[in-house]
Amino acid sequence: MTGAFHREGSRIDLPAAGEGRFATPQPALLALGSNLGDRAATLTAAISALESVPGLELTGVSPVYESAAMKVGGVDDDAPRYLNLVVGIRYTGDPHTLLDAVNAIENEHGRVRVERWGDRTLDIDIVVFGTISLHDDRLTIPHPRAAERDFVLAPWLDLDPAAVLPGQGPVSALLAAIETTVQRHAALPSSGGSR
């Protein structure tokens, strides 16, 4: 059985939700970012694309934040700035099927993987997935650097003031413990999936 993600006449075949390990929808958090092209339009389109993933229900969209680009060597103030947000979801598939789905959405939006942590049209990270802890050659959950990233923590705190990053603690305390450089940005266009 195969599900499909459709966008502007394209078709990407993905395993249908429910073929994975989880019979009931699992809560998860995705972090989205864009620093190339029309950033707001890309994030809006990505949210719409997520809503089309079989077995995925969008439960919330955070406000948008702007941040400097984070590169392997640290903050790069010369690179284009990112727009960032997080979305809450419930998903009936397994984490790897979700990873395949978000990678397909990234690819549909021109994501190129040449430079580690390089500039990108769209980045979608799985931050948490239910209560599971996972580490393999494709995926680590919870996201290994989420506790250090204000551009994940600040919108997550807006979405859920009681949020907890498993193994790390309350998101509010994690955000308070790091230097915050992000700034709230104007809302996404009303044609998008912001709620």
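Visitor: Is Arg184 buried or exposed?
Guide: In this predicted model, Arg184 has a relative accessible area of 55%, which is over 50%, so Arg184 counts as exposed.

Visitor: What does the side chain of Arg184 meet in a salt bridge?
Guide: The side chain of Asp158, at 3.5 Å from N to O. Arg184 sits in strand E14 and Asp158 in helix H3, so the pair links distant parts of the chain, 26 residues apart.

Visitor: And how exposed is Asp158?
Guide: Asp158 is partly exposed, with a relative accessible area of 35%.

Visitor: How many salt bridges are there by this rule?
Guide: The count is five. One of them joins the side chains of Arg138 and Asp100, 2.6 Å apart from N to O.

Visitor: Where do Arg138 and Asp100 lie?
Guide: Arg138 is in the loop between strands E10 and E11, and Asp100 is in helix H2, so this pair ties together parts 38 residues apart in sequence. Arg138 is partly exposed at 41% relative accessibility, and Asp100 is partly exposed at 28%.

Visitor: What about Arg120 and Asp123, buried or exposed?
Guide: Both Arg120 and Asp123 are buried. They form a salt bridge, with the closest N and O atoms 3.3 Å apart.

Visitor: Which residues are linked in a network of salt bridges?
Guide: Arg39, Glu66 and Arg81.

Visitor: Why can side chains like these pair at all?
Guide: Opposite charges can pair when the charged atoms come close.

Visitor: New topic. Which residues touch the most other members in the largest nonpolar core?
Guide: Leu30, Leu32, Val87, Ile89 and Leu98, out of 32 residues in that core. Strands E3, E4, E8 and E9 and helices H1 and H2 each supply at least two of its residues. H1 gives the most, with six.

Visitor: What is Leu98 in contact with?
Guide: Leaving aside neighbours within four places in sequence, Leu98 is in contact with Leu30, Leu56, Ile89, Tyr91, Ile126 and Phe129. Apart from this core lies another, of 19 residues, among them Ala146, Phe151, Leu153 and Val171.

Visitor: Last one: where is Val53?
Guide: Val53 is in the loop between helix H1 and strand E4. With a relative accessible area of 5%, Val53 is buried.

Visitor: What does Val53 contact beyond its neighbours within four places in sequence?
Guide: Tyr91, Ala101 and Ile105. Val53 and Ile105 are 52 residues apart in sequence, and their C-alpha atoms are 9.5 Å apart in space.

Technical notes: Residues are numbered from 1 along each chain as its sequence is written. This is a predicted model: local features need pLDDT of at least 70, side-chain atom pairs count only at pLDDT 80 or more; totals for chains, interfaces and linings use all residues. Side-chain values use heavy atoms; hydrogens and water are left out. Helices (H or I, at least four residues) and strands (E, at least two) are DSSP runs, numbered from the N terminus. Buried means under 20% relative accessible area, exposed over 50%, partly exposed in between (1.4 Å probe, protein chains only). Contact means heavy atoms within 4.5 Å. A nonpolar core is a set of buried Ala, Val, Leu, Ile, Met, Phe, Trp, Tyr and Cys residues joined through side-chain atoms within 4.5 Å. A salt bridge is a side-chain nitrogen of Lys or Arg within 4 Å of a carboxyl oxygen of Asp or Glu.
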